[in-house]
Amino acid sequence: MKIKQSLEKFPGGMMIVPLLLGAVINTLFPEILRIGNFTEALFVDGSSTLIALFLLFTGAQINFKNVGLSLKKGATLLIVKWLVGILIGLLAIMISGVNGLFLGMVPVAIIAALTNSNGGLYVAMVGQYGNKTDRAAYSLLALNDGPFLTMVALAIFGTIGFVEGVFSPVSFISVLLPIIIGMILGNLDNELREFFERSSAVLIPFFAFSLGMGIDFKSIIDGGLSGIILGVITVFITGTTGYLVFRWFKWNPIAGAAEGSTAGNAVATPAAIATASPAFSANVHLATVQVAAAVVVSAILLPLYIGFLVKLLNKKGYKVPGDFK
């Protein structure tokens with residue numbers, strides 16, 4: 001039975017099929033794998049550990065001479081996604097109706113969904129379609145995890161200021177450290193670098209399944225049509241913008257598109273903002289369920305969109321990622 005070969009027939013199959021399988025199980029039978037010990041540790045709670053190990057293996061592939069390119073890619077993705085999010089959010093605030101909504105969407109939900117990204121999904125996508133500098137770019141992308149950049153945007157708009165605890169330098173360092181350790185090990189020993197390179201691809205379906213176990217399809221229903229629209233906007237606008245910017249720089253455009261998702265912890269962002277500014281408390285529940293829907297929709301839609309973009313590049317004669325920096 002050729003399971004691996006069958007999975008690889010789907011665009012991003014080694015990632016999207018386990019992720020969707022995990023989401024289906026979590027939605028229909030949420031407790032079936034939550035039985036403790038090794039089973040729950042691997043299949044439910046394993047994503048953070050497996051992604052950390054993947055980042056360490058990725059760091060080992062980076063020559064100290066190539067660090068600058070990884071940082072440039074990470075900074076570019078961070079800035080592009082944030083700018084797109086605040087510009088669309090500002091437009092929504094300016095033309096929202098008397099109820100404070102734009103096409104049924106809460107402006108704060110739009111900014112929260114568009115300025116955050118699912119790091120695990122990015123790692124999975126570039127793990128399959130990216131190169132070592134694309135994967136190492138994740139070290140900077142940790143900055144858009146949570147409410148910090150959303151608050152920065154709203155502070156710029158003159159709506160609210162910063163509040164204590166929205167960003168922790170220690171959290172950022174904790175993301176960066178596995179990559180740095182991998183870099184040191186890989187640069188000290190070429191054989192260790194080759195060993196880690198052979199091992200990294202094995203991790204993708206396992207952490208993808210674990211990510212799926214954090215997705216509940218019911219969130220799409222709770223968020224309604226506006227939540228679905230928000231997820232679609234996140235994928236096609238932020239993902240496509242990242243794709244085009246990376247094409248312009250002659251970098252791997254698939255890595256640019258891989259940022260087109262919403263982070264799971266962005267669901268808490270509207271409540272954090274409402275705590276900082278009571279002006280947002282009226283629509284905080286609606287904003288929360290809309291962001292939750294965007295998380296699920298983008299997690300499903302982005303890998304399919306990435307697969308389409310890869311096929312498009314292949315038709316144009318490009319090999320991904322081989323023909324790009």
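The model is a predicted one, in which local features need pLDDT of at least 70 and side-chain atom pairs count only at pLDDT 80 or more, whereas totals for chains, interfaces and linings use all residues. Residues are numbered from 1 along each chain as its sequence is written, and side-chain values use heavy atoms, with hydrogens and water left out.

The secondary structure comprises 16 helices and zero strands, where helices (H or I, at least four residues) and strands (E, at least two) are DSSP runs numbered from the N terminus. The C-alpha trace spans about 60 × 45 × 40 Å along its principal axes. Of the contacts (heavy atoms within 4.5 Å) with a separation of 6 or more, 82% are accounted for by residues 24 or more positions apart. The protein exposes about 14800 Å², of which carbon and sulfur atoms supply 68%, as given by the Shrake-Rupley method with a 1.4 Å probe, only the protein chains shown counting as cover for residues.

In the interior, helix 10 (residues 148–156) contributes L149, T150, M151, V152, A153 and L154 as buried residues, and their cover includes helix 5 (67–95), helix 6 (107–115) and helix 15 (269–276). G239, located in helix 13 (residues 218–248), counts as buried at 0% relative accessibility. Apart from its neighbours within four places in sequence, G239 is in contact with T234, G256, A257 and G260, while the C-alpha atoms of G239 and S261, 22 residues apart in sequence, are 7.6 Å apart in space.

Helix 11 (residues 169–188) includes I180, which is partly exposed with a relative accessible area of 34%. I180 belongs to a nonpolar surface patch formed with F64, I173, L177, I181, I184, L185 and L188, having about 730 Å² of accessible area together. Patches are made of residues with over 30% relative accessible area and no salt bridge, like charges being joined within 9 Å and nonpolar side chains (Val, Leu, Ile, Met, Phe, Trp, Tyr) within 5 Å; a salt bridge is a side-chain nitrogen of Lys or Arg within 4 Å of a carboxyl oxygen of Asp or Glu. V175, also found in helix 11, is in contact with L55, Y138 and A142 when neighbours within four places in sequence are left aside.

The structure holds 10 aromatic pairs, for which rings of Phe, Tyr and Trp (its six-membered ring) must have centres within 6.5 Å, planes under 30 degrees apart counting as stacked, over 60 as edge-to-face and the rest as tilted. The rings of W248 and F249 form an edge-to-face pair, because their centres are 4.9 Å apart and their planes lie at 70°. Y305 and F308, by contrast, form a stacked pair, with 6.4 Å centre to centre and 15° between the planes. Y305 and F308 are three residues apart in helix 16 (residues 284–315) and therefore separated by about one helical turn; Y305 is buried, with a relative accessible area of 11%, whereas F308 is partly exposed at 48%. Ring pairs also link F246, W248, F249 and W251 into a cluster, in which W248 is exposed, with a relative accessible area of 67%, and F249 is partly exposed, with 34%.

Key: Buried < 20%, exposed > 50% of the residue type's maximum accessible area, 1.4 Å probe, protein only.
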